[in-house]
Structures are given as C-alpha cells and as structure tokens.
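Subject: Structure handover and notes

Hello,

Please find the structure below, followed by notes on what was found in it.

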Amino acid sequence: MNLAEFIEGQREQHLAELCELLRIPSVSAKSEHKPDIERGARWVADHFRAAGFKHVEIVPTNLHPLVYAESLEAPGKPTILFYGHYDVQPPEPLDLWTSPPFEPTVRNGNLFGRGTADDKGQVHIHLKAFESLQKVDGKLPINVKILIEGEEEVGSVSLWDYVQNNKEKLKADALVVSDTSMLGKGVPSITYGLRGLNYYQIELTGPERDLHSGVYGGAVPNPLTILTELFARAFMTRLPKFRMPSAKPSTRSPGRKRISKRPSARPATSAKPASQPSNVCGYARRSN
Ligand SMILES: [Zn+2]
C-alpha cells in the first residue's frame with residue numbers, strides 16, 4: 001500500500017482524532033482552563049509517542065507546558081524543526097458561533113471548532129503525516145524535531161526562555177512554522193518572510209517649565225523636535241529616498257543668474273521668513 005492510499009484509508013479515523021483534540025478547551029488566557037491546557041499537552045505528547053517518536057517529553061514551564069518530540073533516525077539526512085501550538089484563543093462571544101466552539105461540527109464539507117485552523121489542525125496534519133510515513137515506510141525520511149507550545153495566544157514567554165536555554169537541542173537545518181493559513185481551499189500554501197514584532201518605549205524629558213526661545217532657543221532643544229527627528233531618521237534609514245525637504249542643506253551652489261537677480265543690498269539671511277527654523281533637524285537657530 002502506498003502512502004496516499006494509506007492516508008485515504010485512515011481519513012475517518014484521523015478526523016475523529018482531530019475532533020478529540022478540538023474538544024479540549026485549551027484556552028491559554030484563562031486560568032480556569034489550566035487543567036484543559038495540561039490535558040491538551042498530554043494529548044499531543046501521547047499521540048506523537050503513538051506516531052513512532054521514541055523521545056517525547058512534556059516540558060513544564062512557569063505557565064503552560066511545551067511538548068518536545070524528536071526522531072533522529074535518518075543519519076546524513078537533514079533535520080527539520082516543526083513548530084506549532086495546542087492552545088487556543090477564548091471563544092467569546094459565544095453567540096456568534098453557529099455551533100458550540102468545542103463541539104467540532106462538519107458543515108458543507110468544512111470542520112468548525114475553536115483551534116481547527118489555528119493551530120490544532122496544522123499540528124494534527126504533521127502528526128498524521130509522520131505517523132503515516134512510519135507505518136507505510138517503517139521510518140521517517142528525515143530527522144524531525146517537534147516543538148508544540150501552549151502559550152502562543154498569550155505571548156509565548158516560556159517558549160522564548162526554552163529556546164534560549166536549548167539552542168543545541170533545537171538545532172536544525174530548517175524550521176517549519178505551521179501556524180499559517182492557506183490561500184484557499186485545496187491550495188496548500190507556503191508562507192515565507194514572516195516578521196516578528198518589536199516594541200519600544202521612548203521616554204524624553206525636557207525642561208520643567210517653558211523656556212523663552214529668545215533666551216534659550218538653540219541652546220536647549222525641544223523634546224518634541226528631538227522625538228520627531230528620531231522618527232524621521234528611522235524612516236530615512238529604511239527608505240533612503242525619503243528626505244524631509246529642508247533636512248539636508250543643498251550642496252549645489254546657486255547659479256549665477258539667481259544671484260544676480262537678488263537685490264544686492266539685501267542680506268543673505270533675510271531670504272527665509274522670520275519664523276522659519278534655519279535647519280529643521282538641527283533645531284539650532286531660530287531668528288525670533
Ligand atoms: Zn496560531
């Protein structure tokens with residue numbers, strides 16, 4: 001029997017098992033679901049063990065457990081690390097559900113239930129793919145490491161610590177993140193170029209009272225001006241073509257014609273309106 005025939009023959013069994021996982025309300029954001037989260041971790045660990053993974057562990061953390069599994073029995077072949085999560089978002093508001101969130105239901109050929117597409121379904125696909133390969137071929141064609149967490153929906157804090165402390169253990173030739181979507185039904189899709197999030201907090205302090213520009217102008221920069229300059233610089237670095245019009249003095253010398261048209265008695269500094277700063281990013285000199 002080839003792989004495709006085997007998987008087709010297991011369809012109902014696979015669906016029943018996925019529904020079993022979907023019935024576990026492993027809501028990571030709510031403490032009352034802690035026992036469900038732990039049940040979810042056990043379910044994942046037990047099923048990877050049953051799928052032929054000899055090394056499977058449930059890793060306790062400060063919040064919700066991780067499941068790690070590995071099958072390293074393909075010497076000389078690449079090692080791929082698969083990531084997924086077994087926790088789900090809270091299902092509220094419940095009145096928007098056509099069928100109860102933790103009672104998986106098939107409608108019009110689609111399976112509905114919390115976590116079906118994020119991310120229990122994807123985790124289950126990997127699980128059953130590995131299990132089917134083991135059963136049909138007797139082994140996996142590559143080395144596989146699995147990391148399934150229970151905190152994806154609440155910030156993955158424990159995952160961060162675990163990865164930092166287990167770099168060698170998690171070392172792989174490639175990482176597959178199966179927490180993504182498909183372009184459409186029947187269109188398997190590879191999402192690449194995923195980006196993370198960076199958070200910054202900028203605190204700028206300035207004078208505790210208003211300072212008159214005629215006395216302090218130039219010597220004491222305005223915090224708002226500095227903040228604006230910081231943002232402008234950030235974007236100018238990313239988008240080199242973007243320039244604030246007066247941010248950079250022109251290096252081009254004025255042509256002879258323009259000079260000759262200026263009234264000769266007028267001082268060069270009076271060419272700008274009196275209230276105009278002499279250099280936007282320099283916050284150096286104001287004429288008032
Ligand atoms: Zn997800």
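How many residues does helix α4 have, and how far does the helix reach from its first C-alpha to its last? Helix α4 covers residues 120-137, which is 18 residues, and reaches 25 Å, close to the 26 Å expected at 1.5 Å a residue. The expected span is 1.5 Å times one less than the number of residues in the helix.

Two points before the rest. This is a predicted model, in which local features need pLDDT of at least 70 and side-chain atom pairs count only at pLDDT 80 or more, while totals for chains, interfaces and linings use all residues. Residues are numbered from 1 along each chain as its sequence is written.

Overall

The protein has 8 helices and 7 strands. Both are DSSP runs numbered from the N terminus: helices are H or I over at least four residues, strands are E over at least two. Of the 288 residues, 21% are buried. A residue is buried if 20 or more other C-beta atoms lie within 10 Å of its own, exposed if 12 or fewer, and partly exposed in between, with C-beta atoms placed from the backbone. Of the contacts between residues at least 6 apart in sequence, 67% join residues at least 24 apart; a contact means that two C-beta atoms, placed from the backbone, lie within 7 Å.

Helix α4

The buried residues of α4 are K120, Q122, V123, H124, L127, F130, E131 and L133. They pack against α1 (3-9), α2 (11-22), α3 (34-50), β3 (79-85) and β6 (143-149). After α4 comes G138, with a positive phi near 80°.

The sheet

An open sheet is formed by 5 strands in the order β1-β2-β6-β3-β7, with mixed pairing. Two strands pair if DSSP finds at least two bridges between them. At the edges are β1 (55-59) and β7 (174-177), each pairing on one side only. From one strand to the next the twist averages 15°. Axes here are lines fitted to C-alpha atoms, for helices over the stretch in contact, and angles run from 0 to 180 degrees between N-to-C directions.

Strand β6 is largely enclosed by the rest of the structure, because 6 of its 7 residues are buried. Strand β2 (residues 66-71) runs antiparallel to β6 and is joined to it by 5 bridges. V67 stands opposite I148 of β6, and E70 has K145 as its bridge partner. Strand β3 pairs with β6 in the parallel sense over 7 bridges, with I80 partnered by V144. Helix α3 lies across β1, β2 and β6 and runs at about 175° to β1.

I142

I142 sits in the loop between α4 and β6. It counts as partly exposed because it has 16 C-beta neighbours inside 10 Å. Beyond its neighbours within four places in sequence, I142 is in contact with A74, K77, P78 and I80. The C-alpha atoms of I142 and T79 are 6.2 Å apart, although 63 residues separate the two along the chain.

Backbone points to check by eye

Most residues other than glycine have a negative phi, and most peptide bonds are trans.

- E92 to P93: a cis peptide bond, omega near 5°. P93 is in the loop between β3 and β4 (105-107).
- D118 to D119: also cis, omega near 5°. D119 is in the loop between β5 (110-112) and α4.
- N108: positive phi of about 50°, though not a glycine.

Regards
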